[in-house]
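Work through these exercises with the model open beside you. Try each task before you read its solution.

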Amino acid sequence: MEVNGKIITTLGYKANFSDTILVNGKALKQEEKVVFLFNKPKFVISSTKDEKGRETVLDYIDEPFRLYPLGRLDYDSTGLLLLTNDGALTQSILHPKFEIEKVYEVTINKILTIDIIKRLEKGVRIENYKSAPCKIKVKTRNNNKNTMHLLVTIHEGKNREIRKLFGTVQADVTRLNRIKEANIELGNLRQGEYRKLKPIEVVNLKKYLNINN
């Protein structure tokens with residue numbers, strides 16, 4: 001193998017994306033690293049395949065890349081989901097130590113008092129763990145319909161965390177829509193639509209995550 005005209009004999013040599021690599025005299029074509037922003041509809045699996053034959057996010061993506069979702073959104077939740085073929089970005093987004101901020105529009109079927117909201121924000125016991133502190137902002141409330149529309153910001157990503165959080169005060173989540181992750185916002189993208197992040201968006205995302213390449 002040759003990298004930038006130099007023969008490499010070291011096992012596990014790490015080349016850069018910009019390097020010219022020859023194998024048996026032929027150039028090795030490297031796949032472009034890309035990130036896509038997808039607005040996941042309800043009842044779509046946040047995975048590359050499903051053993052039950054249900055729709056997955058890849059059924060909506062028509063691109064010549066091997067893409068993987070960065071994290072998950074519940075089957076019955078909607079909104080922002082990032083997909084990429086960038087391994088370094090995947091590890092940073094999914095690693096718990098980075099505590100990536102995620103913002104959700106949430107509708108519940110109960111009117112909560114300010115005291116209850118403050119208690120939820122501080123963290124409560126959910127099953128065998130205590131939820132991390134979060135932010136809950138009341139957008140609107142409808143006393144006649146007994147519903148509240150909230151803006152919830154979390155830094156964890158435990159399974160069905162927000163639904164379980166409100167379940168501790170006997171409130172059901174009837175709508176859960178993610179509108180922001182890290183410094184990427186969903187914007188006006190419609191459900192089922194996706195777009196490729198601009199180079200500057202990817203650069204800023206990696207800066208946010210302290211990724212050097």
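**Exercise 1. The largest core**

Which residues of the largest nonpolar core touch the most other members?

Solution. 
- This is a predicted model.
- The largest nonpolar core has 23 residues. Val-106, Ile-108 and Phe-166 touch the most other members.
- β12 gives the most, with four residues.
- Now take Phe-166. Beyond its neighbours within four places in sequence, Phe-166 contacts Val-106, Ile-108, Leu-112, Leu-120, Ile-136, Leu-150, Val-152, Ala-171 and Val-173.

**Exercise 2. The chain as a whole**

How many helices and strands does the protein chain have, and what share of its residues is buried?

Solution. 
- Count the elements: four helices and 15 strands.
- Check burial. Of 213 residues, 40% count as buried.
- Residues 24 or more positions apart account for 63% of them.
- Finish with the surface. The accessible surface comes to about 13000 Å², and carbon and sulfur atoms hold 48% of that.

**Exercise 3. One face of a helix**

Which residues of helix α1 are buried, and where do they lie around its axis?

Solution. 
- Helix α1 covers residues 87–94, and its Leu-89, Ser-92 and Ile-93 are buried.
- Look down the axis of α1. The buried residues fall within an arc of 95 degrees, so they line one face of the helix.
- Find what that face packs against: β5 (35–40), β7 (78–84), β13 (173–181) and α4 (199–208).
- Inspect the start of α1. A side-chain oxygen of Asp-86 comes within 3.1 Å of the backbone nitrogen of Ala-88.

**Exercise 4. A buried asparagine**

Is Asn-85 buried or exposed, and which backbone atoms lie 2.7 Å and 2.9 Å from its side chain?

Solution. 
- Locate Asn-85 in the loop between β7 and α1.
- Apply the cut-off: buried means under 20% relative accessible area. Asn-85 has 19%, so it is buried.
- List the polar partners of its side chain. The backbone oxygen of Glu-32 is 2.7 Å from a polar atom of the Asn-85 side chain. The backbone nitrogen of Val-34 is 2.9 Å from a polar atom of that side chain.
- Widen the view. Not counting residues up to four places away in sequence, Asn-85 touches Glu-31, Glu-32, Lys-33, Val-34, Phe-65, Arg-66 and Leu-67.

**Exercise 5. Salt bridges across the sequence**

How many salt bridges does a search of the whole structure find, and which parts does the pair Lys-196 and Glu-32 tie together?

Solution. 
- The search finds 13 salt bridges.
- In one of them, Lys-196 pairs with Glu-32, with the closest N and O atoms 3.0 Å apart. Lys-196 lies in strand β15 (residues 194–196) and Glu-32 in the loop between β4 (26–27) and β5, so the bridge ties together parts 164 residues apart in sequence.
- Lys-196 is partly exposed at 39%, and Glu-32 is partly exposed at 37%.
- Move to Glu-105 and Lys-139, which meet in a salt bridge at 3.7 Å, N to O. Glu-105 is in strand β8 and Lys-139 in strand β11 (residues 135–142), so this pair joins parts 34 residues apart in sequence.
- Glu-105 is buried at 17% relative accessibility, whereas Lys-139 is partly exposed at 46%.
- Glu-105 also pairs with Arg-175, the closest N and O atoms being 3.2 Å apart. Arg-175 sits in strand β13 and Glu-105 in strand β8, 70 residues apart.
- Arg-175 is partly exposed, at 40% relative accessibility.
- Last, a network. Salt bridges with shared partners join Asp-74, Asp-76, Arg-160 and Arg-163.

**Exercise 6. Positive phi**

What is the phi of Arg-160, and what is that of Asn-210?

Solution. 
- Arg-160 is not a glycine, yet its phi is positive, about 50 degrees. Arg-160 lies in the loop between β12 and α3 and is partly exposed at 32%.
- Asn-210 is not a glycine either, and its phi is about 60 degrees. Asn-210 lies in the segment after α4 and counts as exposed at 66%.

Methods
Residues are numbered from 1 along each chain as its sequence is written. This is a predicted model: local features need pLDDT of at least 70, side-chain atom pairs count only at pLDDT 80 or more; totals for chains, interfaces and linings use all residues. Side-chain values use heavy atoms; hydrogens and water are left out. Helices (H or I, at least four residues) and strands (E, at least two) are DSSP runs, numbered from the N terminus. Buried means under 20% relative accessible area, exposed over 50%, partly exposed in between (1.4 Å probe, protein chains only). Contact means heavy atoms within 4.5 Å. Accessible areas come from the Shrake-Rupley method with a 1.4 Å probe; for residues, only the protein chains shown count as cover. The arc is that of the directions from the helix axis to the C-beta atoms. A polar contact is a pair of N or O atoms within 3.5 Å; within protein, one must be able to donate a hydrogen and the other to accept it, and residues adjacent in sequence count only if both atoms are side-chain atoms. A nonpolar core is a set of buried Ala, Val, Leu, Ile, Met, Phe, Trp, Tyr and Cys residues joined through side-chain atoms within 4.5 Å. A salt bridge is a side-chain nitrogen of Lys or Arg within 4 Å of a carboxyl oxygen of Asp or Glu.
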